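Please open the model in your viewer and switch to a cartoon view. We will walk through it one selection at a time.

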Amino acid sequence: MGFHRQIERGVMAGFGLVAVLCLLAGFASSPVRADDLAELLERELREASIQQDAAIQQENDALSTGALDEGGAVPLAPSSAAPAQGGPAVTSIRIGDHGSQTRFVMEISGDAPADYRVFTLSDPFRVVIDVKGVPFRLVEEPADKHKGFVSGYRYGRFEADTYRVVLDAELPVEISRDFVLDPQSGFGRRIVLDLAPTDLASFNAKSGLPESARPAAPAAEIAAVPVSPPAERLERRRVVVIDAGHGGVDPGTHGRSGVQEKDVVLAFAKKFAEELRSTGRYDVHLTRDSDIFIPLRERVAIARRHKADLFISVHADAIQKPNVRGMSIYTLSETASDKEAAALARKENQSDLIAGLDLQGESPEVTGILIDLAQRETKNYSSRFARTVVDYASQKTRTLDPAHRFAGFVVLKAPDVPSVLIELGFLTNPEDEKQLVSPAWRATMAKTLSRSVDRYFGDRLAEGPN
């Protein structure tokens, strides 16, 4: 409530006092004493003061939430809805545009502590907030995520006990202050960030992963798994690693119904793994079995640590043409088969940036190994499996023409593991979206891909030791 409205209340209080005086003056039978008038005046002023204090407190509560619009401060009611599950959770996110500053607020239900860290990342400009031990179950979220210096944000599970929010900034910003408001006035505990513009040099000097957020193992160790020669794989069951794309803070694309790619592909990956295990012929591993973020190169490392004989990354596509539908399968090539394949690879390879990873300090030797050691034999086996998938899948579902394509996907760059990336269909197409969320369709395609795996290893066995 602004100053003018407080004045208005004071005027109204004045009118109330005048009315009382006039009324008292009209009682001829009860003459008004000076003591009575003084008492009435004191009572009126006391009530007006209480109303004014309440108005000021309401305004302060609104400012503490960071909710401002073009008309000034807007009080927001505390979140009334309880989290869907028990325990503390982040239940509300608010953004306030204060002109020279943008305020970002997260409210935590219950009395859970606010254990968090915040830092900035460059290329592109991002602000990252990691919260320990408190999941996100939002019951209140701004309809417009583009406000002030923030062009958008996303959130989700990042590590086993860490949940991450990544804010995209339109320009270099600094965290002018961050603080915690304890529970009060019906609000839960709130983490508050104030963002202010800064120059590029200052932003770059302060940006980067803090020491507390750096991984225990250096990035170079991801590519340090020795290349496994074929002889080491003879006396064991074949190992298949299934990679459900995206996850956690990186949701991937989404359908018109709101279903997210990360959920669709995880459901399929679990069903596919179940089908392969039921044959008794394979050791099957998932890169993730829950809604958690896994860096792209860590997915490659998981396959190599398991000495995988086959790596299958599962995704769902999106395109601006809603009439386009069908499954497709990709193998590695630094020269894309077409511009759509190149665009898809660029999008999928940005997953680490979307999740707020700092790639600036990554060893160039790591990237070089992952790209340059993709052996010709491995790529040939990958292509053979891709052709097998197309043969079987085209009998059960719609496929693109051509269905086998290639591009420079990071997750396909293990030097010694035949690898493919399967786009199950387009979430932007109504028919494909309906299939992708159908348990019956998932079961059918899981059986189909399992037959493709059998055929691929059967052909290789027929050719002799490999």
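This is a predicted model: local features need pLDDT of at least 70, side-chain atom pairs count only at pLDDT 80 or more; totals for chains, interfaces and linings use all residues.

Stop 1: Select the six strands that make up an open sheet, and follow them across in the order 13-12-14-17-15-16. Their pairing is mixed. Now colour the two ends: residues 282-286 are strand 13, and residues 399-407 are strand 16. Each of these edge strands has a single partner, so one side of each is left without a neighbour in the sheet. Turn the view to look along the sheet, and you can follow a twist that averages 20° from one strand to the next.

**Stop 2: inside the sheet.** Next, select residues 327-332, which are strand 15, together with residues 419-426, which are strand 17. These two strands run antiparallel to each other, paired over three bridges. Which residue of strand 17 stands opposite Tyr330? Show side chains here and you will find Leu421 in that place.

**Stop 3**

**Stop 4: Val180.** Finally, move to strand 10, residues 173-181, and pick out Val180. With a relative accessibility of 32%, Val180 counts as partly exposed. Beyond its neighbours within four places in sequence, Val180 is in contact with Ala114, Tyr116, Arg189 and Arg190. Select Val105 too: it lies 75 residues away along the chain, and its C-alpha atom is 9.6 Å from that of Val180.

Key:
Residues are numbered from 1 along each chain as its sequence is written. Side-chain values use heavy atoms; hydrogens and water are left out. Two strands pair if DSSP finds at least two bridges between them. Helices (H or I, at least four residues) and strands (E, at least two) are DSSP runs, numbered from the N terminus. Axes are lines fitted to C-alpha atoms, for helices over the stretch in contact, and angles run from 0 to 180 degrees between N-to-C directions. Buried means under 20% relative accessible area, exposed over 50%, partly exposed in between (1.4 Å probe, protein chains only). Contact means heavy atoms within 4.5 Å.
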